[in-house]
Amino acid sequence: MIDANQKRKLNVLAVAGQLGVVKLIHTKVNYCYGSIKAHRKSISTLCFSPKRETFLFTASYDHTIILWDIGVPDLDYRFQASRLLVLKSGSTPFKMSLVPTCPDHYLVAACENGCFAWDITQTKPEGKRNFEMEFLFPIYNKEDENNYHVIDTLVFCSDDLIASKSSMQGSIYLWSWNKTLQKRKKQNTKVHAEILREFEWSNTEQLYIALAACPAENYLLCGDEKGDVWMYRFDENSTEYLTSGKKTSPTQILKWPTIEAKGEIVEGTLINVAITDTEFKYLVAATDKNIVVIWKRI
C-alpha cells in the first residue's frame, strides 16, 4: 500500500486464526503494528483486493465474510479500520477469490456447503448480503454417503478459468466463469458450472488440500496425502474432454524427495499447499510435518 501524504510504500502482511483477530504486520521492519477483532469465531481464510490495496476480506467459522478497509498507518503506526460489507455464507468458507476481470463486483468462495458468488459492489446499502449465485457441479449427481457439496478449495487459473474440487471427489474441475454466467437465467441463483476439463487427482479422503496456479505458465498444482505434487498444464481454449467423460491425466507428478532428519528418512506426508513464483522458477510445498520443500525448475 502507498501513503500518498508521507510518500512511502508499505508491504503489509495480514494474518489471522483461532481468536477471530487479524494481525497487521509491516514486513520490512518485522513489526506487528495493529490488530482488528474481525469475527466472533475463528478466521478460516483472508483475501486482499488486487484493485483496492487497503480492502481486506475475512472469512470465518461464524459463517460470514466481511470486507474491511484497513487504511494506511501513519508514521506512528496509527490506523483506522472500518467495516464496509458483511456477506452471509451459510457455512464455513475455506477459500475465496475476487474475479480478476471484475474485482469490485464479484467474490467467489469455496464453502462447506457449496461454491457461491456474491455481489460486492459498494452502491447498495451495507446490511448483510446473501449470495447471488450458487454453482452446481456434475459430482453432485453422484452423491451417496459422501457429501460432495463440501468444496474445499478453488483458484483462478486465468482471468476466466477457475479450478475447484469437492472433498473425496478424486478429481479437479476446470470451469469457465464467463461461459457459466452466459448460461445463467435471469434472477436464477442456481447455475451449472460450465466444465471444460476434469483432471485426474488422488482418491484421498483427506480434506482441505489447496489448489494453486501459475497463470503465466498455464499450470495448475495440487499436493496430496502422500507428499506428491500433481501438476497440470492447461489450455483454456480446449474443450475436447467436455462430452467424452474422460479425465485428463496430470502432466507430471512430482514425487516426494528423499529427506533425512536426525538420521532418519522422512516418509512422504500430507502436502497442504504447493505454490510457485510468478515465472514458475521455483515450487514450494508446505506439509503437515512442519517441513517446507523447495524445488528449482531447470
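## A partly exposed lysine and its buried partner

With a relative accessibility of 47%, Lys 190 counts as partly exposed, a class lying between buried, under 20% relative accessible area, and exposed, over 50% (1.4 Å probe, protein chains only). This is a predicted model, in which local features need pLDDT of at least 70 and side-chain atom pairs count only at pLDDT 80 or more, while totals for chains, interfaces and linings use all residues. Residues are numbered from 1 along each chain as its sequence is written, and side-chain values use heavy atoms, with hydrogens and water left out.

The side chain of Lys 190 meets that of Glu 134 in a salt bridge, 2.8 Å from N to O, the term standing for a side-chain nitrogen of Lys or Arg within 4 Å of a carboxyl oxygen of Asp or Glu. This pair links distant parts of the chain, since Lys 190 belongs to strand E18 and Glu 134 to strand E14, 56 residues apart; helices (H or I, at least four residues) and strands (E, at least two) are DSSP runs, numbered from the N terminus. Glu 134 is buried, because its relative accessible area is 8%.

## Other salt bridges

By the same rule, the count comes to 11 salt bridges. One of them joins the side chains of Glu 132 and Arg 184, at 3.1 Å from N to O. Glu 132 lies in the loop between strand E13 (128-129) and E14, and Arg 184 in the loop between helix H1 (177-183) and strand E18 (190-192), so this pair ties together parts 52 residues apart in sequence. Arg 184 is partly exposed, its relative accessible area being 24%.

Lys 183 also forms a salt bridge, with Glu 194, and the closest N and O atoms are 3.1 Å apart. Because Lys 183 lies in helix H1 and Glu 194 in strand E19 (residues 194-200), the pair ties together parts that are 11 residues apart in sequence. Lys 183 is partly exposed at 43% relative accessibility, whereas Glu 194, at 19%, counts as buried.

## Around Met 133

Met 133 is found in strand E14 (residues 133-136) and is buried, with a relative accessible area of 0%. Leaving aside neighbours within four places in sequence, Met 133 is in contact with several residues, among them Tyr 106, Phe 116, Trp 177, Leu 181 and Arg 184, where contact means heavy atoms within 4.5 Å. The C-alpha atoms of Met 133 and Lys 28, which are 105 residues apart along the chain, are separated by 40 Å.
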